[in-house]
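Me: I would like to go through this model with you, starting with how its terms are defined. Could you take my questions in turn?

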Amino acid sequence: MLFVFSHVLECAGKVKKLKKTQNPEPLRRLFEQLEEKNSTYGRAALLCEIRQYLELCEHTEVTFMPVQIGIIAAMLEDEDVVVTTNCFQVLNSLTGNFSNQKEMQKCIPRIIYFSTQSGCLEQQIAGLGLISTLALCSGNHPEILKGIPEYLRILQTARYSGRVSMIITRILFSLSTNRGLAYVLLNSKVEPAFLHLFNPFVNKDIIYQLLAFVGNLNESLKSENSSCVQWEYNEESLYVLLFSSDSPLLNKLLPLMNHNDTRVKSAAVSIVSKLV
């Protein structure tokens, strides 16, 4: 951790020189140096400078060339977690520009893999945070959806009040707003332990986002397009766990109708009224 903070402070000082201009020339020079750097420290420091340069600019005005995004995405394979965490943060800073997002779609499978397989909490938070930002755009949903098994696996093993759980529930909620993907979501394999997340002791924001997720899936099931088709679901699917005739979901939701958070209480009441 000391290494992380020391090089962050150092590169922060260097970036001050960039405040006078938003010309892409400094950015081009930083990338030239990035391609030449062989040391972990050098790569981490340059990525930090690029990220802070973007923060000093209007993110929406900075368009990376495809080759530059490719360079950053390729560095997600770096063995140093400081380098990969900075890569995720740089890419996240670029998402406000549609042109950057369009190019990043090609990198989403790589982003999912290195986010969900990481054993480093900060790296995982940075990677999943990037996925959460990308999930705000429906055009990214088909690629992001491919990570559903991993999102659910992490969610079921993470701490119920942790930042990782918070981010994953945001991803799930964003995907659930896309009714065209409802069947794939509902047919995703999930462990019964998923229902433990609907307990009152879980962080209220996590519960609320999960309730919104369930509410959206329920609306998709009742939609005109869905009701015209007889879908088949596997026995270990979200559909069977949440919406089958013998689902324990209703019993999990009843205590939440008396939750001290008004958003959770209202969402629970709304879902229960539509399930019974």
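Me: Then is Ser 132 buried or exposed?

Reply: Ser 132 has 7% relative accessibility, so it counts as buried. Ser 132 is part of helix α8 (residues 121-134); helices (H or I, at least four residues) and strands (E, at least two) are DSSP runs, numbered from the N terminus.

Me: What does Ser 132 touch, not counting residues up to four places away in sequence?

Reply: Ser 132 touches Ile 167, Arg 170 and Ile 171. Contact means heavy atoms within 4.5 Å.

Me: Before going on, what kind of model is this?

Reply: This is a predicted model, in which local features need pLDDT of at least 70, side-chain atom pairs count only at pLDDT 80 or more, and totals for chains, interfaces and linings use all residues. Residues are numbered from 1 along each chain as its sequence is written, and side-chain values use heavy atoms, with hydrogens and water left out.

Me: What is the mean pLDDT of the protein?

Reply: The mean is 86, and 87% of the residues reach 70 or more. pLDDT is the predictor's confidence in each residue, from 0 to 100. Over residues 1-23 pLDDT stays under 50, and the model has 35 contacts beyond four places in sequence for them. Where pLDDT is low, the predicted coordinates should not be read in detail.

Me: How many helices and strands does the protein have?

Reply: There are 17 helices and 0 strands. Of the 276 residues, 50% are buried. Among contacts between residues at least 6 apart in sequence, 74% join residues at least 24 apart.

Me: Which residues touch the most other members of the largest nonpolar core?

Reply: Phe 64, Phe 194 and Leu 211 do, in a core of 83 residues. Helix α13 (residues 204-222) gives the largest share of this core, 8 residues. A nonpolar core is a set of buried Ala, Val, Leu, Ile, Met, Phe, Trp, Tyr and Cys residues joined through side-chain atoms within 4.5 Å. Leaving aside neighbours within four places in sequence, the contacts of Phe 64 include Leu 27, Phe 31, Ile 50 and Asn 100.

Me: Turning to α7, which of its residues are buried?

Reply: They are Ile 108, Ile 111, Ile 112, Ser 115 and Thr 116. Seen down the axis of α7, these fall within an arc of 105°, so they line one face of the helix. The arc is that of the directions from the helix axis to the C-beta atoms. Their cover includes α5, α6, α8, α9 (141-145) and α10 (148-157).

Me: And how many aromatic pairs are there?

Reply: The whole structure has 6. Tyr 113 and Phe 114 have ring centres 5.0 Å apart and planes at 90°, so the pair is edge-to-face. For Tyr 239 and Phe 243 the centres are 6.4 Å apart and the planes at 40°, so that pair is tilted. Rings of Phe, Tyr and Trp (its six-membered ring) pair if their centres lie within 6.5 Å; planes under 30 degrees apart count as stacked, over 60 as edge-to-face and the rest as tilted.

Me: Where do Tyr 239 and Phe 243 lie?

Reply: Both are in helix α15 (residues 238-243), 4 residues apart, about one turn of the helix. Tyr 239 is partly exposed at 24% relative accessible area, whereas Phe 243 is buried at 15%. Together with Tyr 183 and Tyr 233 they form one aromatic cluster.

Notes: Buried < 20%, exposed > 50% of the residue type's maximum accessible area, 1.4 Å probe, protein only.
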